[in-house]
Amino acid sequence: MRHIISILIENESGALSRVSGLFSARGYNIESLTVAPTEDASLSRMTIVSIGSDDIIEQITKQLNKLIEVVKVVDLSEAPHIERELMLVKVRATGKDREEMKRVADIFRGRIIDVTESSYVIELTGNGAKLDAFLDAIDRSLVLETVRTGVCGVGRGDRILKA
Amino acid sequence: MQLTGAEIVIRCLQEEKVEYVFGYPGGSVLFIYDELFKQDQFKHILVRHEQAAVHAADAYSRSSQKIGVCMVTSGPGVTNAVTGIATAYMDSIPLVVITGQVPTAYIGQDAFQEADTVGITRPCVKHNFLVKDVKDLAVTIKKAFYLAKTGRPGPVLVDIPKDITTQKCDFHYPKSISMRSYNPVVKGHSGQIKKAAQLLLEAKRPMIYAGGGVILSDASDRLTRVTRKLGFPITQTLMGLGGYPATDGQSLGMLGMHGTYEANMAMQHCDVLLAVGARFDDRVIGNPAHFGQVARKIIHIDIDPSSISKRVKVDVPIVGNVPDVLDEILKLLEAADSKPDAKGLASWWKQIDEWRGKKSLQYKQGSDLIMPQYVVEKLYEVTGGDAIVTSDVGQHQMWAAQYYKFDKPRRWINSGGLGTMGFGLPAAMGARFANPKATVACVTGEASIQMCIQELSTCKQYRLPIKIINLNNGYLGMVRQWQQMFHGNRYSESYVDALPDFVKLAEAYGHVGLKIEKPADVEPALREAFVKHKNELVFLDILTDPTANVFPMVAGGKGLSEMILAEDL
Ligand SMILES: Cc1ncc(C[n+]2csc(CCOP(=O)(O)OP(=O)(O)O)c2C)c(N)n1
Ligand SMILES: [Mg+2]
C-alpha cells in the first residue's frame, strides 16, 4: 500500500540524512521525499511517499519517531488529505505541435512559464496520477526534460500537524 | 567567567561526576588533553587502541549502571572506535563519546585526519552532534548525557572541531534539559497493564521471557518479585542473564539458539507469554513463522515502541519503563481477587520438569581432554558464583552463558547484539574500574583474545588483576561448529595456526601466565590464579577439546522446538 508520511523535524543540518539513512539502513522504500522549512523556521516539514505493508509502515513511523530530532510523524494517507506535486516539463514546441501543446496544457490547467522559438516550459500541479496523465497525453518524443518535486500533502479540515 | 572550549569539556565532565574517561589522544584533541592534564577530579585511562577505549567505557557502564565516557581523536581515532560504538549501540549501552574533529574551516577539505565522523557513526549511535559554536558546547554535552541514559539508552557522540576547543565563552552548565522532539514514555498505559494482569491470572501454560532491558533498567528485583508472586517459569536471553537468579527453581536458564531444552520448549508451547525488555530477535525465537504456529497471547513490556511487534505481533503492548510497569502489575496482582490458575500451573510445571529431565546441558568430562564446559563450571565454583564475567564471541561465550549461573544483574558482560570478538579483555578492564573490589574474569578464545591483546599493556599500567580464561581449542570454534554441521566438514580457514605462546606473551607484558593441559589441573590452576595471584593479572591458557560443540542448538531458520541436542549426534 502507498502511504504518505508527514514529518515535523528540527531544522538542523544533517536531519535529512538521518531520515534518508534510516530508510536505506532498514530497507524501507522511498517513492519520493520533499522537505522545506515551515512557517516556524526552526522546523522542517518532510513528506515521504513509501510503499509497504501495514506492518512495515508501522515500523517506519515508530523508527522515525525514535529519531531524536523528529518532533511529530503522521501517516497522512490514514484519513482524508490532499496531495499535490509540481512538475516542470520542457517540451519542443514548433510548427503544429506548438498549438497542440498549449491546448493540452490548458486542458490540464498547466501554465506555460517560459517560451522560446522552439520550446515551452509548462508548469503543472496535481496529484501524481494527473501529472502522469499529462505526460501520456502529449507526444512523448517532444519531451525534452521533466522535473518533479515529489508529493507534498496536508490533512483535510481539522487535521493539523503542529509541534 | 570565560572558558575555552577545552576547559568547558572538562568542566562538563566534572559536573556530570564522571570518574573515568577511557581514551587515546591525538592532534585534534590536544587542547582537551592539555586541560585534562591540569585537573584531578576524574581519571583518564590510556588504552592501547581506540576500540578498547569504547569497549572499556561500555563495560564500565554495563557493570555499574553509570554512563561510560570515552574520548578519541579525529580520523583514525574515530574509525578505530566505530566497532566499539556499534557494539554499545546494538546492546543499548549508555555512552558519551567525545571525538576531536579538524578545525571548522578545514571540514570538507580532506584535511589531515579528517573523517566525516557524524556521517560514519550515524547508523550506530542513538544520536550524534557536530559542535559548530563554542556557545553550544556545554548544552550539547548535557544533551549527550541526557540522551544516553534516558528512554532506550545508547551511545551519543559529540564531535568537537579543534578550533572550538580554543575559543572562549561564558560557561554555564544546565541543570536539566528538555527537548521538544524527545519525550520518552515512562509510565505504561494503565488499561494495557490491567489487561496484562488479567491475562497472567488466566494463563494455564504461562512463561516469562526477560531480556537485557531488565538489566539496563535495573528491574531485576521487580522482575523477581513478580515472577515469585506468580510462580511462573522464567527464561532469559543472553543479554538478560542475571536479571533473575539462575540458581532459583523457577528459572529455566537461557533460551534461544543455544538455550536449554526446557526453556525453548516452554517458550514455544506456552499460552501466555510475558516478554520483558526483550526483542524477539532471530537468535532468540528462531524462525518467527514457526514460533507463530502455536497460538499464544503475548504481553510485551518495552521502553522502545519500535521493539514491539517488530518481528512477532503482540497482543498487549506496554510501552514504558520496565520497573515502573512491573510495579504496576505487582500492585494489581496483589489486589486481585483471583490467584494464578493453580491446577493449570501444576500440570505445566510437570511438563516442564519432564523437559528438564532431558538434561540438555549434560556433557562428559573424561581424564584426557579438558572439556570447556567443565572449565566454566569450575570457574563458577572457584569464584563462588560471584565474579563479573566478561566474554568474547564464539563457543566459549555460549559455554560461559550456559554454565556460569548468574544470580545477580550486571555480572555477565558480553557483546550480544553485534557479537564483537575483541570485546572481552577491554570489557574486563572497564568492569574492574567500575567495581574496584570485584573479581573479574574474562572467558575468551585463542582467536578472540588476539583481537584486543594489546590491552594487556593497559592492564599492566593500571594494575588490573583480571583473570583471563582462554578456552584454547585451536579453532575459530563457533565457525568450525557451523562448518561441521552445515558445510560438510569443510573447515575453511577456521583453524588458528601459528598461535603465540600465551604464557610467554603474558609474561612479556609483565603478567602471570599458566598453561593447563589436563582436566585434573583445571581446578588447582584456577585456585592458583584467583587465590595465590589474587592481585595480579593471570592468563590461563587452557587447552580444551578441539572438537567440542555447543548444544542444544537451533539451526538458523529453524523453529525453537527443533533443537539439535548433544545426544542426537
Ligand atoms: C570481529 C569479528 N569477526 C568475526 C566474527 C565471526 N566469528 C564468530 S565466532 C568466531 C570464532 C571465535 O573463535 P575463538 O575466539 O577461538 O572462540 P571459540 O569459538 O573457539 O570458542 C568468529 C570468527 C566475529 N564474531 N567478530
Ligand atoms: Mg577457539
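Student: Which helix gives the largest share of the shell around ligand 1?
Tutor: This is a predicted model, where local features need pLDDT of at least 70, side-chain atom pairs count only at pLDDT 80 or more, and totals for chains, interfaces and linings use all residues. Helices here are DSSP runs (H or I, at least four residues), numbered from the N terminus. In chain B, α16 (395-403) and α19 (477-486) each supply at least two residues of the shell. The largest share, 3 residues, comes from α19(B).

Student: How much of the accessible area of ligand 1 does the protein cover?
Tutor: Accessible areas come from the Shrake-Rupley method with a 1.4 Å probe, and for residues only the protein chains shown count as cover. On its own, ligand 1 has 580 Å². The protein covers 76%.

Student: How many salt bridges does the rule find across the interface of chain A and chain B?
Tutor: A salt bridge is a side-chain nitrogen of Lys or Arg within 4 Å of a carboxyl oxygen of Asp or Glu. A:E58 and B:K313 form one, with their closest N and O atoms 3.6 Å apart. Across the interface, the count is 5.

Notes
Residues are numbered from 1 along each chain as its sequence is written. Chains are lettered from A and ligands numbered from 1 in the order in which they are written. Side-chain values use heavy atoms; hydrogens and water are left out.
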